[in-house]
Amino acid sequence: MNKLTFLSMVLLSASEIQAQTTAYQFKTTDGNFWKMSSLTLSDKVPGKAQVVIRSSQPQQTFLGWGTCFNELPWDAYNLLSDNDKQLLVKRMFNPYGDLRLQKGRLSAGANDYAREWYSCDEIDVNETDFEMEHFNIDRDLTTIIPSIKLALAENPEIDFFCSPWSPPTWMKTNKHYAQRKTNTNGCPFNVPPYFNDQFIDDPRYYKAYCLYFDKFINAYKEQGINITSLAYQNEAYSNTPYPGCSWTAKTTGKFLAEYLGPYMREHQPNLKLIIGTMNTGSLDVYEQILSTPNIDKYMDAIGFQWEGANAMKEILRRHPQYEAIQTENECGSGTFDWNAGAHTFQLANHYLANKVTTYYYWNAILKDNGISPWGWIQNAMVQVNSGTKTPRYTPEYYAYCHYTHFIPAGSKILTTDESQLVTTALTPEGNIVIVAGNDGSSEKTLTLDIDGKYMVATLPAKSFNTYVVGQNEKAQLEFLRKEAQGLVEIETASLSETQLTNLKEALSKAKQTIAESDSAQIIQSLANAVIDVRKDTKTQELSNEIQNPSFTDGSTHWTIANKAAGGDFKTATIARKTCWNNWSNNFTSMDIHQDLGNLKPGAYTLSAISMCGPGEITDQHAYAEAQSDKTISPIKEVAIWNQTTGWEKQTTEPIVVGTDGTLRIGYSSTSGGGTKGWFCVSDFTLNQIEDDAELIQNAIDAAIKKAEAQEDNSLSELITTAKNAVGREAQLEALTLLRESLKSGTDLTEILEQYKALSEEAHNIAKDEKYADQARQELETQTELYDQWIEAGKQVSEPSIKDVIRALKEMINKTRLSQVPSPSTDFTYYIKNADAEDSEGWDINVTNGDGSRKSGQHYSGNTTNMYFDSFNKTAGSLWFTGHQTLTDLPNGVYTLKACARTDGEAVFLTAQTESDWYQQEIENSGNTQGKLGKGWNPCEIQNIIVRNHTLTIGYTNDFYLTGKKFTGTWMSFDDFQLYYVSDNVSTSIGLPSSSTPIPNIKGGKGCIIVTSDVPVKVYNLNGMLMGRTQNLPAGIYAVIMGNICTKVIVQ
C-alpha cells in the first residue's frame, strides 16, 4: 500500500457513490483543445469537498465578455481568405459560436496597436479648437467601424466601452502623443507618470475634452454603434513611447468631478463613467481620486488592468459602492504559447474572484509575431501567418473560451477559489458552470459540493476545464441545444456526414413538444451527437510540475529558508528576466525551495538559471532531493551582473523519484563573507529521463550501501527486498521503502516530536467536555488512526507526516469551533499564519516597499523567525496594509493583540466589524528599544464588538484609513492573538442626546466631509469610536468637535 492510498483511507471516510445528475466536461490541454465528455454527480463522496458551491449565495452579476477593436487586428483579419474571415467572426461573436462575446472596447484616436498616431481633432499643435470644428472620425470609418459592424452583424446586442490613449496633441503640455522620448518617435521631452500632468490644466481645455468625447459618442451612434461606457484615460500611470497621457491623482479627480461628470450627466445621461483604466497598485492614488468632493455623484465604476489588479481587492473593500470592471487583458510578449494561455486563464479567475462585472481581452487577432509600430511584441487569441495567410487559434483563445462560452451576461458569479483556480457561476438558464484549471504537471482531483450533490472532477495536467451541471432538465436541454446549433450553423465544414445528420436529428426532436417521459432520451440524444464531434482522441504526455518557476507571482509556492540577519529578499527583473533576488551582507546560508508531489516515479534532472556579481561566487548551486537522496548541480562559474550573458544555466545530476512521488527542488549557497554567495535565480525546469533503468539500479545500490553502513538490524528485511527486486515497479517500491527508513533513522526526530505534541493536544481536547460530544468523538477516532500509522512506521516520511499534521490541525480547529465560548477563550487559532511564517490567509498591499515579510530582527532573537515588514528609505513614502477576515466567530466582545515596531508615527493595529472601525497606534521605538527589544512593543485593541460573526484584523499606515500620515521608513508586525472576552455586545460610550448643527461638517457618500482644521471624533450610534471620516458604512453618525456634538447622515 503506497502513501497516497493509506492517507486516503486515514483522511477520508469512503461511501458508495450513486449516480444522480449528469455534468458535461470540456477540457483543453496543450495541442488537444476543446474536448467534451460527460460524468455523473453523486449523493455522497469520500471525505470533505474542496469547493462548496451554493446557487442561493450569488456574488456579483456578470455583464459580459469582450475584446478590443484596433487597426492592426483589422489588417491581420484582411490577410485571411473569405471562408476563414467568416468563420473567425462567427466563432467570436455569434451567440452560438465559441467565444460568444457581448462587449467591445475601442479607443478615441490611436492606441499602441494603431498603424500610426492620429486623433479625431488633430490640428497644428500651436493652435486650438475649443469648439471642435475640426472633429471627425474619418479614419475610423475605414478600419475600426467596419470591423465593429462585422461583429454587430453576428450579435446586434454588443455594446461598447471607449477610452482615449492620448488626447489630441494640441491639448498636451509636450505637444506630442507620447510620454517618453525615443530615438524614433519625435517626442520632445519626457513626462513621467504619477507626478506630472501631461494634459494642460486649463478649464477651456477640460471643457473642450468633454465636447470631444460627446462628439465621438454621437458620431459612433450615427453609425449604429452604441457606446455605453467611457473612461477618461487609458493607463495614466505608464511611461509610454506610444500614445499615452499622464494625469496626477489630484487633476484626475478635478477633471472627473468638476468637468466630465457634470457634462455627461447633462449630455449623455445614460453613459456609465469609469475611473481608469487604472494600471497602478498604489492605494494612495486611488484614495486621492476617490476623496475628491462630489466625485461619487458622477462616477459609476473603477476600471482595473495590469498593476491595478494588485490594488483591486483592497480598494473595493473600502469603496464597495463602485462597480469593478476589468478593462484590458495582459498582452504577453509574442509567444502565442501554452504559458500565455495559462496566464490569461489565471487572470480571468483572479478578476472574477475580485468582483468584476465585465472583462475585456486585448487584441483578438494579430499577424506573425504581433509587433506594433512602436516595437511592442504581443500575443493574440488568433495568430495569422502572413506568408500562408492562414489563422492559428492559440491556447489563449481556448483559455478565454472556457469562460466566455459558458458564463453569459446575466450570470451570477458564485464560489471562486484562486488557490484552486476555480470559478463558478449560475447562468440565466439555470445551469451551474465550474471553470477549473490545473497548472501542475500531474493529474489533479477536485471534489465539489454543488447544492448538496457531489462531483469528483479529474483535471489533466496543464489543463483548462469547464463543467456544466443542469439544475433541471430544461436547463440541461437548452445548453445542449445551443451546443448542437452552433456546430450545425458554424462548424458544418468540419463535420462528417454522419455527425451532421445525427446533430440535425437530435435538434429536430428537441424542438418538438416533449413529453416528460421522453425528455431524458432527447437530452441523451443531443449529448451523444455533440460529444461525438468534441470527443477526445489524444493523450497528454507528462510535463513539468514546478509552480511559479520564473517568480512571475512573487514567491508564491516557494519556501524562503535563508539564515540571514536581514537582507533584500524579493522578486526583481534583472537583465530582462523576472527572478528571485536573494541578497544579504550578513548571512550564513541562502536557500529557496519548493516541494513537488504526485510526480511519476523515475529519474529526473533539475535546471535553473542564476546570476550574481563579479567576485561573489562561493558554492551557489541548484539541487534536487528525493527522500534521503540529494543531487546538486556544478557550482556556479559565471559572475556577470545585469547582462543577459550573466544568466548561467545549472543542471543537477539525475535523481530518482520513488513511488511516493515527492521531490524537493531548490537553489542554495553558503556565505563567503559579506555579500559573497548571494544570488538571483529563475526559470526552474524539471525533465524526466526516459531511459532510466540504469539510474534506478544505481539509486538502489547507493541506498543499500548507506543502509548496510548503518549496521541497523531493523533495515535487514528492506535491504534484502531491495537486492532481490525485479522489474521497474518493484525496484522503485523497494527503493522508496528503503530510503524512507534511512531518512526516518536520521532526520525525522523533529517532525515526529511536532506530531507527538499535536497528538497529545488532540487527545486532551477530545477529553474536554466543553466541546461537543460528536466533535470530540470524531477527533479521538481520527487521532488514534494517525497514532497507529506513526507507530507502525511504514511509509512514514517527512511529507506524509506533514500531511497528517495539517489534517489533524484542521480536526482540532473543527472541534474547538464546537465549544460555547467563555471569557478569555483563546481564538488565535482562527487566524491563518498569525505568526507570519507564511502570507497565506492575509491580503497584503505594499506600495513603494521592498517586500512584505522579512527575518533577522525578531524580538525572540531567532534570526530565521519571519514577520511582516516593509521599508522605503524616503520617510513617509511607504504604504503598507495587511488584513485578514475571520468568519464564523461567535458574537461577543474580543481583544486583539500583536507585537509591532516602527521608526515613525501613524502605524496602527486595526480591527473592523460590519459597522465599526478600531485602531491602536504603535509606539515609535526604532529598532533598538521597545519593551520586547529590537524596537518591538506589544499592542492591543480591547472591546471589539462582533455582531455578525465576522471580524477583519490587520495593520496599516494608510492615511485614508487612519486619518494620520505616516512619518517613518519602515514597520513590522508579528504574533497576532485574538481572545474572546464576553458575550456582552452592548458596550458603548454615552453620547449627547441633542444635536447641534455645525456648518463645516456634513455627510457624504461613504464619508463625512469636514472643512475645518479643528480635530473631530466620529462615533456610531452605539457609541463606538470610528477613528476615521472616510470609508464609512451608510448610517447616522455622531461627530464631536470640541464640546459640540452634531449628527450627520452618511449615504
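Visitor: What are the ground rules?
Guide: The model is predicted, so local features need pLDDT of at least 70, side-chain atom pairs count only at pLDDT 80 or more, and totals for chains, interfaces and linings use all residues. Residues are numbered from 1 along each chain as its sequence is written, and side-chain values use heavy atoms, with hydrogens and water left out.

Visitor: Which residues does UniProt give to the TIM-barrel domain?
Guide: UniProt annotations may be inferred rather than shown by experiment. An unreviewed UniProt entry places "Glycosyl hydrolase family 30 TIM-barrel" at residues 64-407. That span is 34% helix and 17% strand. Its end C-alpha atoms lie 8 Å apart. Helices (H or I, at least four residues) and strands (E, at least two) are DSSP runs, numbered from the N terminus.

Visitor: What is the helix and strand content over residues 421-467?
Guide: There the chain is 0% helix and 68% strand. The end C-alpha atoms are 14 Å apart. The unreviewed UniProt entry labels this range "Glycosyl hydrolase family 30 beta sandwich".

Visitor: How many salt bridges does a search of the whole structure find?
Guide: Side chains of opposite charge can pair when their charged atoms come close. Here a salt bridge is a side-chain nitrogen of Lys or Arg within 4 Å of a carboxyl oxygen of Asp or Glu. The search finds 35.

Visitor: Which residue pairs with Glu323?
Guide: Lys272, with the closest N and O atoms 2.9 Å apart. Glu323 lies in strand E10 (residues 323-328) and Lys272 in strand E8 (residues 272-278), so the pair ties together parts 51 residues apart in sequence.

Visitor: Is Glu323 buried or exposed?
Guide: Buried means under 20% relative accessible area, exposed over 50%, partly exposed in between (1.4 Å probe, protein chains only). Glu323 has 18% relative accessibility, so it counts as buried. Lys272, at 22%, counts as partly exposed.

Visitor: Where is Lys931 in this picture, buried or exposed?
Guide: Lys931 counts as exposed, at 61% relative accessibility. Its side chain meets that of Glu923 in a salt bridge (3.1 Å, N to O). Glu923 is partly exposed at 41%. Elsewhere, salt bridges that share partners join Glu287, Glu314, Arg317, Arg318 and Asp958 into one network.

Visitor: Which residues form the negative surface patch?
Guide: Patch residues have over 30% relative accessible area and no salt bridge; like charges are joined within 9 Å, nonpolar side chains (Val, Leu, Ile, Met, Phe, Trp, Tyr) within 5 Å. Asp835, Glu837, Asp838 and Glu840 form this one. Asp838 is in the loop between strand E33 (825-826) and strand E34 (843-847). At 37% relative accessibility, Asp838 is partly exposed.

Definitions and conventions:
Accessible areas come from the Shrake-Rupley method with a 1.4 Å probe; for residues, only the protein chains shown count as cover. Lys and Arg count as positive and Asp and Glu as negative; His and the chain ends are not counted. The place of a charge is taken as NZ of Lys, CZ of Arg, CG of Asp or CD of Glu.
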